[in-house]
Amino acid sequence: MKKPFSVESARGSEWHRWDPHIHVPGTALNDQYGGKDPWMEFLAAVEACDPPIRAMGITDYYGIEGYERAVELKAKGNLASVGLIFPNVELRLTIETSRASAINLHLLFRPDDHNHVERIHRFLRELKFSYLGETYRCDRDDLIRLGRAHDPKAVDDNAARRAGANQFKVTLENLKRALETSDWARANVLIAVAGGEKDGTSGLRDEEASFAALRTEIERFAHIIFSGNPKQSSFWLGHEKISVAELTEKYGGPKPCLHGSDAHTVTKVGKPDSNRFCWVKGDLVYETLRQLCLEPSQRVFIGEEPPLGALNGNIIKSVEVTNAPWLYQSRIELNSGLVAIIGARGSGKTALADIIAAGGLALSQRLNEKSFISRAKDFLRNSEARLRWAEGDDTYNGLTMTGMEELLDHPHVQYLSQQFVDQLCSSDGPNDELIDEIERVIFNAHPASDRLGASDFKELLLKRLESSRQKRRRNQLALEKASLELTEERALKDSLPHLEKDRDERRKAIDKDKKDRMALVGKGNVERASRLELVSNAVDMKQQEVNQAKLKLRALELLETDVANFREREAPLLVQTMQLERSESGLSKEDWKQFKIDFVGEVDSILVTRVAEAQKEVLKLQGVATNVDTEANPEAPLIAEDVQLLTHPLAVLERERERLKRLVGIDVQNTRRFNALSDKITKAEGVLTKINQNIERAKSAEERITKLIKARREAYAAVYEAIVEEEAQLAILYAPIKARIEEAGGSLSKLSFSIRRTVDLEKWAATGESLLDLRRNGPFQGRGSLFQRAHLKLLQTWESGDAPTASAAVLEFVKTNEADLRLHMPEGENKRDWAKRVSDWLLSTDHISVGYGLQYDGVDIEQLSPGTRGIVLLLLYLAIDGTDDRPLIIDQPEENLDPQSIFDELVTRFREAKRRRQIIIVTHNANLVVNTDADQVIVASSGQHKPAQLPVIQYEMGGLENKRIRQRVCDILEGGEHAFKERAKRLRVVI
C-alpha cells in the first residue's frame with residue numbers, strides 16, 4: 001500500500017495534477033464501468049495515472065453517492081496517492097443548447113466539515129422539478145419516484161434513478177434562491193459551468209444572439225468554467241477579444257478554466273482528450289479551489305506539464321543552518337516562486353533573509369552593521385548557512401563577517417537588503433551605486449551576441465562610442481588646426497600695410513647703405529666705382545641665390561631624416577597601437593605584417609636625386625675663383641663688361657669685386673667699412689626678400705581665408721556629427737531596455753529612458769569671460785552678458801540641432817561677435833596669441849556631452865523622492881532585468897512607499913516576476929502577501945530574550961490556502977483580513 005500523500009506542504013503552493021470532473025462506478029447516467037469489481041478497477045486505474053492525480057472531484061448527477069463510496073474506500077487505505085477528494089454534483093439546467101442538450105452546471109462542495117454530507121443532501125433537496133402537477137426534490141428517493149412516474153417500466157431502483165436523473169432539470173432561479181437562503185452553501189460551494197458547445201454555454205448562440213444575455217448571466221453566476229479549450233482559457237483570462245477590465249465589468253472578473261477526464265468508463269479514468277491535464281497550484285485542500293478562483297492566471301494551467309517557472313539551477317530548495325541552537329528548526333523548505341517572510345518586529349524575519357543571502361554568497365557590502373549577521377556576530381562564530389539547490393548542488397558559508405568578506409563578486413543570489421536599498425535611494429539624490437545598478441540592468445538587457453565581448457556596461461559603452469569619440473577628437477584637432485591657420489592668415493592679411501611700409505623703409509635703408517658704400521670709393525674713379533657698384537649688387541644677389549639653394553638642400557636632407565624616422569619609429573609604433581586597440585580582431589602575426597606602413601612612391605630615389613641636384617646647384621652657384629693673378633695684372637677684368645654678371649658664380653663675383661676695390665683705391669680702413677656695409681646690405685636684402693614674399697602671401701590671403709573658413713565650418717560640423725553619432729549609438733545601447741519597457745506595458749510604461757545632450761553653458765561662458773577684460777566699456781562689460789547672448793543664440797542649437805545647423809549657428813555667432821570681442825582684449829596681450837585662444841574657445845565643444853536620462857512618470861530620477869526611487873529600483877529588478885534569473889531576496893520593499901503605490905506599481909510586477917525567478921521578500925505589507933498571491937508564507941516568531949543568548953527563532957510555513965497561515969497573516973499584518981476580503985468580494989468567494 002502506498003504511503004498517503006500529504007495534503008499540506010511546508011513549501012506552500014506547488015503544482016499538482018487535479019481531475020475535478022471524474023465519474024465513478026454507479027454514476028447515475030451513462031455508467032460504462034463493468035467487470036467483476038468495477039470499483040477496484042477504477043481505483044487501480046487512478047493509481048496507474050501518470051502524471052499522478054493528487055486531487056479528484058468525484059462527480060455524479062444530482063447526488064454524491066459515488067463520493068461517499070470513494071471516501072469510504074480511501075479511509076480503508078485506497079487512493080493513497082490522492083491527497084484530496086471532493087464532491088462534484090452535476091446538474092442540468094432547464095436551458096437548452098443549439099445541439100438540443102441541457103446546460104450542465106456543477107456544484108463543487110467543500111468536504112471539510114464533519115457533517116458536510118448531510119448538509120449537501122439538505123441543500124440539494126432545495127432544488128425542485130415539477131412534473132405532471134407534482135414536485136420532486138433533488139435526492140435519490142425523489143429521483144427514483146420521478147423516473148417511475150415518467151417511465152412506469154423502470155421497476156428497478158437504479159433504472160428508475162437513471163430515468164429520473166435524465167428528466168430532472170433545475171432552473172437558474174431555483175438554484176440562485178437555494179444559495180441565497182443557505183449561509184452554509186454560500187460558504188461551502190463553488191459553481192462551475194460547462195463551457196463547450198454541446199452541453200455548455202458556448203452552445204447558447206444563434207443568428208439573432210437571442211440567448212446572449214442569458215449566457216452572460218449564467219457565466220457571471222459561475223465561479224469556474226469547465227473547459228480544456230485553450231482559446232476559452234485565454235478568453236477567460238482577458239487575453240482575447242475583451243480585457244480583464246471588461247471581464248470584470250461584464251462577468252465579475254477573470255475565471256479559471258478547469259478540465260477533467262469526465263470519465264464514465266475505466267479506460268477514460270485520468271485520460272482527458274489531447275492530454276489536457278489540469279494543473280492546480282496549491283495544497284491539496286478545498287481552499288485551493290477558492291484561491292484559484294481569485295488567481296486564475298496564477299494557479300491553474302491546462303496542458304501536459306505545469307508551467308516551468310524558475311530553472312532548477314536557480315531554485316533554492318531549502319536553507320539549513322548548522323550549530324545554531326537559537327533556531328527551533330535548522331532546516332527550512334522554500335517554495336520556487338514567491339516566498340513572503342512575515343512576523344512581528346524582532347521576530348527573525350531579516351535574520352532568515354541574511355542567512356539565505358550568506359548561503360548564496362551575496363555581496364558582503366549588502367550586509368552592513370545593521371544586518372542580523374553583524375548584530376548577532378558574537379553568537380554566530382560556529383554557525384554555517386547551507387543552501388540546497390533544486391538541481392542537487394549545495395552552497396554554504398560561515399555566518400561571520402570575516403566569512404562575508406570572502407564572498408563572490410557574482411553571487412548565486414541577488415540580495416537587496418533594506419540598508420542597501422536605503423543607500424541606493426537616499427534623499428541625497430541618486431548615487432553612483434544606483435546608477436551602477438541601472439547600468440547593470442541595461443547591460444543585461446542586451447543579448448550576449450550584441451555585447452561586443454564586453455563584460456559590463458561601461459566597457460560596452462566605450463566600445464559603442466569608440467568610433468564617434470575618435471571622430472570627435474580627430475575633427476576637433478582639425479578644427480583647432482584650421483582655426484590656428486585662419487588666425488595666422490588673418491594676421492598676415494591685416495599686416496599688409498605694415499609689410500609694405502616696412503618694405504619701403506628697408507629699401508630706402510639699403511639704397512642709403514649702397515650710397516655710403518660708394519662714398520668710400522676715392523675720387524677720380526667714377527667709372528670704376530660705377531662698375532664696382534654693379535658687381536657689388538651682383539654679389540649681394542648671388543649670395544641670396546646661394547642662401548636659397550642651401551636652404552633647399554637642408555630641407556631635402558631633413559626630409560631624408562624624416563622618412564627614416566617614420567619607417568624606423570613612427571610607423572611601427574602606429575601599427576603596434578592599432579594592434580593593441582584592436583586586439584579583438586583576431587588577426588595573426590602574419591596578418592599584422594601586412595599592415596606595415598610605408599610610402600607608396602619611390603621616395604628614396606626621388607630624395608637621392610633631388611639632394612644630389614641641390615648639392616650641385618649649391619656648388620654651381622658658389623663656384624670656384626679663376627686662376628688669373630689679379631695682382632700681377634690688376635687692370636685685367638675677370639668678367640667682361642658685356643657679360644651678364646649673374647651668370648657667374650659667387651666666388652668669381654667676389655674676386656672681381658675685390659679687384660675693383662683695389663683699383664678704386666679703397667684704403668685698408670675703408671675696406672673694412674666697405675665689407676661691413678656689403679654684409680649689411682646682403683642681410684637686409686635677404687630680409688627684404690622675405691618681406692616681399694610675405695606681401696605676396698598677404699595679397700593672396702583672402703583666398704586662403706575663404707578656404708580655411710570653409711574647412712573650419714566642415715571640421716566643426718564633423719565634430720557635431722560625431723556628437724550626433726554618439727547619440728545614435730546611445731539610442732542603440734538603450735534600445736533593448738526600451739523595448740522591454742514597452743513590452744511590459746502597464747505602470748512600467750511610466751519608466752522611460754531618454755538620450756540627451758547636456759550643455760554646460762555657464763562653463764563655456766566663464767571660459768570666454770576669462771579671456772576678456774570685462775572692465776572695459778563695450779558690449780561684454782561686466783559678467784553675464786556673454787552668457788545671455790549665447791543662451792539666446794546658441795543654447796537651443798547646441799541642445800537639439802543637427803550638425804549643419806549647429807555649425808552655421810556657431811560660425812554666425814563668431815562672425816557677429818568677433819569685433820565686439822576684440823574691444824575687450826586685455827592690455828599687454830599678444831594679439832595673435834589672444835586671437836588663437838579666443839578662436840579655440842569659441843569653437844570648443846568640451847562643454848557639450850551626451851548621456852542618458854531616466855524618468856519615472858515624466859520626472860527625472862534625480863528629482864524623485866526616495867520612496868519613488870525605490871519603486872523604480874524594484875521595477876528594474878522585477879520587470880526589466882529579464883536575464884538575471886537568480887533568486888531575488890528583498891528585505892521590506894515597501895519601506896517609504898504608500899500602500900497604493902505598492903498595489904498599483906509593484907503587486908503586478910511581483911506576480912509576473914515570480915513566474916521566471918524565485919523571489920523571497922521580507923514584508924509588513926498585507927498587499928505584498930495577499931494580492932501577489934504569495935506561494936509560500938513563512939511566519940517568524942521568537943522566544944524570550946535571555947542574557948548572553950539569542951532568543952529562539954521559530955518559522956511556520958505554508959501557502960495562503962492554509963487556514964492556519966491565513967490566520968497568521970491576518971493577525972500579524974495590518975489590513976491583512978481586509979486584503980483577503982477585498983480580493984474575494986468580486987467573485988462572491990468566501991475566504
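**Questions on terms and values**

Trainee: Why is Glu485 called partly exposed?

Mentor: Glu485 has a relative accessible area of 29%, and the cut-offs call a residue buried under 20%, exposed over 50% and partly exposed in between, with a 1.4 Å probe and only protein chains counted. The value of 29% falls in that middle range, so Glu485 is partly exposed. Please keep in mind that this is a predicted model, in which local features need pLDDT of at least 70, side-chain atom pairs count only at pLDDT 80 or more, and totals for chains, interfaces and linings use all residues. Residues are numbered from 1 along each chain as its sequence is written, and side-chain values use heavy atoms, with hydrogens and water left out.

Trainee: What makes the contact between Lys481 and Glu485 a salt bridge?

Mentor: The term asks for a side-chain nitrogen of Lys or Arg within 4 Å of a carboxyl oxygen of Asp or Glu. For Lys481 and Glu485 the distance from N to O is 2.5 Å, and therefore the pair meets the cut-off. Both residues belong to helix α18 and sit four residues apart, about one turn of the helix. Helices (H or I, at least four residues) and strands (E, at least two) are DSSP runs, numbered from the N terminus.

Trainee: How do you know that Glu721 and Lys471 form a salt bridge, and why is the pair said to tie parts together?

Mentor: Their closest N and O atoms are 3.4 Å apart, which is within the 4 Å limit. Glu721 lies in helix α25 (residues 701-744) whereas Lys471 lies in helix α18 (residues 457-494), so the pair joins parts that are 250 residues apart in sequence. Both count as partly exposed, Glu721 at 37% relative accessibility and Lys471 at 22%.

Trainee: What makes Asp598 and Arg567 a salt bridge, and which parts does the pair tie together?

Mentor: The closest N and O atoms of Asp598 and Arg567 are 2.9 Å apart, again within the limit of 4 Å. Asp598 is in the loop between α21 (589-593) and α22 (603-622), while Arg567 is in helix α20 (residues 526-581), so the pair ties together parts 31 residues apart in sequence. With a relative accessible area of 39%, Asp598 is partly exposed, and Arg567 is partly exposed at 29%.

Trainee: How many salt bridges does the structure hold?

Mentor: The structure holds 66 of them, and one network of salt bridges links Arg110, Asp112, Asp113, Glu287, Arg290 and Arg966.

Trainee: Why is the protein chain called more spread out than a compact globule?

Mentor: The chain, which has 35 helices and 24 strands, has a radius of gyration of 49 Å, well over the 30 Å that the globule rule gives for 991 residues, and so it is described as more spread out. The radius is taken over C-alpha atoms, and the rule is 2.2 Å times the number of residues to the power 0.38. Along its principal axes the C-alpha trace spans about 175 × 80 × 65 Å.
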